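Please keep the sequence and the structure in view while reading.

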Amino acid sequence: MAAPLASPTLIDRLRDPSEKTLGVMLLAPAALLLLMIVVYPIGKLFYNSFFDMRLSGGQGSKFIGLQNYADMMKDTGFWDATLNTVIITAVTVPGALLVGLGLALLANLPFKRQWPVRLALLLPWALPLAFAGLIWAWFFHTEYGFINDVWARMGGEPRMWLLSPVSAFTAICLAIIWKASSFMALVLLAGLQMIPKSLYEAAEVDGASKWQQFTQITLPMLMPSIMVALIFRTITALQTFDIPYTMTKGGPGNATETLAMYIHKTTIDYLDVGYGSTLAVGMFVLSLLLTAVYLRHISKQDSA
Amino acid sequence: MANVQLRQVVKRFGDTEVIHGIDLEIRSGEFVVFVGPSGCGKSTLLRMIAGLETTTSGDIEIGETRVNDAPPRARDIAMVFQDYALYPHKSVFENMAFGLRLRKTSEDEIKRRVGDAAAILRIEHLLDRKPRQLSGGQRQRVAMGRAIVRDPKAFLFDEPLSNLDAQLRNEMRTEIKKLHLRLGKTIIYVTHDQVEAMTLADRIAVLSGGKVIQYDTPDEIYNRPAAKFVAGFTGSPAMNFASAEISSDGTSAVVGNVTVTLPESLRTASAAYRGKTVVLGIRPEDISVDRSAGVDCTLVPARVVVTEPLGAETLVTLSIGGAELVARARPDVSLHAGDSVQAQLASAKLHLFDVQSGVAIR
């Protein structure tokens, strides 16, 4: 008589897993890692934002519900920093796109040697952000700066560029555009090289001028690359920190302080972890909203 | 509609000359095919006519106007590209309308012309689609439609069928021929496929190494090739070639130990080659192993090397005087490898070529 089939134990199932179990087992390490480094910190951030956690006083943390959010709404420092961040985004994203597009079109010209052009494009991108900030801070330095040198040669009085709100803001935007346009150019150059040459020849035969070829072939064909570059660029612009931090430290006053800098100041300088977390949630939501707008636009184009 | 005239046209890329002084006249309404192996310069020549490549020297005229320095858009030509070059972001309608819009044609006129062209090409139901939603054959039609709506002086086709599968290629070949009959436009068509050249062309320009080897009707190209290159390029299977020696009296050619009598028409020319080696050429259909002897035939002993039944016919490879020649035979021919047969060579269809230059001796 045959022995009755014993129901498989857990060990048996692990030794000979079904396809589904195997899939779960294979995905588990990556999922665990993501949980630890993405989901947990974000979750912890949201959690902290409901607490009064001032590390300077030594009184421990206290649950205060939505009080931090109510404070944030009334905090002019938060709104000023948000406005600065939005302005920087609104100026530097289109700015970098235009400059980047120009650079990409230049780099796409049939040069005899391609590598010097590519290298020139890559360099600003490869440079650490803080370096870029320092370079531009020196450019605008009142006594030793290149800008004042040129300015003086043209007959102007030396100016303290980084100490007046408008010119400091402009200088920061210039530095960000310089730094960001090389990334834009690289993404767009890759897009440009995907456009078949025969399309331009067909358009040429069809009777299109160079400008018509640009508006009717290049731009529409480049749209997907432009959208990708814009999304990346916008998200990084919302997180702007290094360049203003190294150029002006947010000054004069708070004139060039961005949201990321305000969060940094609150959390690291003032050790107010609870409120800092609340501000970070605010920035997270802002990024999410803008990304959603882009993604909606892309999915609309795809289905069209 | 216009004629196209090339005079001593030369193209150089840097130090390399790829087109060596070509003279061609394409008559108004004529269908001319440039054919040749890859690298022979046929596409370059077409692109020079289109204005997509500059002309180093010589003159290109379209409809009596010298166009050397005119950009493509000023030449009033339409081109169908090998990869179709449809604008991926535009609908079929907009693809076809693009050239008309650039010329500020009225919206009603655009609708009418695109509609007419779409009807001719049977793509009316596709006008709202994007190119990526079309099959290869449909894209090909749209590319032709884009050319038709423009009503240009001449159509240029650059290997338009080479991206299609064999069956579709045959279908579209017929379509293009019908289109030419219907529109009666000047067409210059580039291909490396001799079947396309033979079936479509009013006249064929056979190119090799940047030169026109022969410019003639398909019939002349096939039956009176001016050079061994032309003879070997046309026909499937191609013409058979064998090394032969002209007899001392100039009346026959000797292949190995087999003597082939030359027709009267070749004797004057062959006289200069007495005792010399030439290339003897004969097409597979001019060697017979399954018919009774004709009037103008030379009977030669042959051995069957291999038979290849193709259904509609059978190709028989024969060894004649040590040379291997392919013969076309009826499908029911009962021959086997090793059989000895009497092969009949149609004397009038023999060709002789100079060994060195490859030029026809006639």
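In this predicted model, ring pairs join A:Trp136, A:Phe139, A:Phe140, A:Phe146 and A:Trp178 into a cluster. Counted over all chains, the structure holds 19 aromatic pairs, and two of these, both in chain A, are set out in the table below with their geometry.

| Aromatic pair | Arrangement | Centre to centre | Angle between the planes |
|---|---|---|---|
| A:Phe51 and A:Phe63 | edge-to-face | 5.5 Å | 75 degrees |
| A:Trp138 and A:Tyr144 | tilted | 6.2 Å | 35 degrees |

The pair formed by A:Phe51 and A:Phe63 counts as edge-to-face because its planes stand 75 degrees apart, and the cut-off for that class is over 60 degrees. This pair links distant parts of the chain, since A:Phe51 belongs to strand β1 (residues 51-52) of chain A and A:Phe63 to strand β2 (residues 62-63) of chain A, with the two 12 residues apart.

Are the two partners of this pair buried or exposed? A:Phe51 counts as buried because its relative accessibility is 13%, and the limit for that class is under 20%. A:Phe63, by contrast, has a relative accessible area of 56% and is therefore exposed, the threshold here being over 50%.

**The contact between chain B and chain A**

The contact draws 23 residues from chain B and 19 residues from chain A. The size of an interface is often given as the accessible area lost when the parts come together. Between chain B and chain A the buried area is about 1,800 Å², and carbon and sulfur atoms give 58% of that area. Which three residues supply more than any other three of the area that chain B buries against chain A? They are B:Arg73, B:His89 and B:Leu102, which supply 30% of that area.

On the side of chain B that touches chain A, the elements that give two or more residues are β6 (77-80) and α2 (92-102) of chain B. The residues of that side of chain B divide into 12 nonpolar, two polar and nine charged.

Technical notes
Residues are numbered from 1 along each chain as its sequence is written. Chains are lettered from A and ligands numbered from 1 in the order in which they are written. This is a predicted model: local features need pLDDT of at least 70, side-chain atom pairs count only at pLDDT 80 or more; totals for chains, interfaces and linings use all residues. Side-chain values use heavy atoms; hydrogens and water are left out. Contact means heavy atoms within 4.5 Å. Buried area is the accessible area (1.4 Å probe) that two parts lose on being put together, summed over both. Helices (H or I, at least four residues) and strands (E, at least two) are DSSP runs, numbered from the N terminus. Ala, Val, Leu, Ile, Met, Phe, Trp, Tyr, Cys and Pro count as nonpolar, Asp, Glu, Lys and Arg as charged, and the others, Gly among them, as polar. Rings of Phe, Tyr and Trp (its six-membered ring) pair if their centres lie within 6.5 Å; planes under 30 degrees apart count as stacked, over 60 as edge-to-face and the rest as tilted. Buried means under 20% relative accessible area, exposed over 50%, partly exposed in between (1.4 Å probe, protein chains only).
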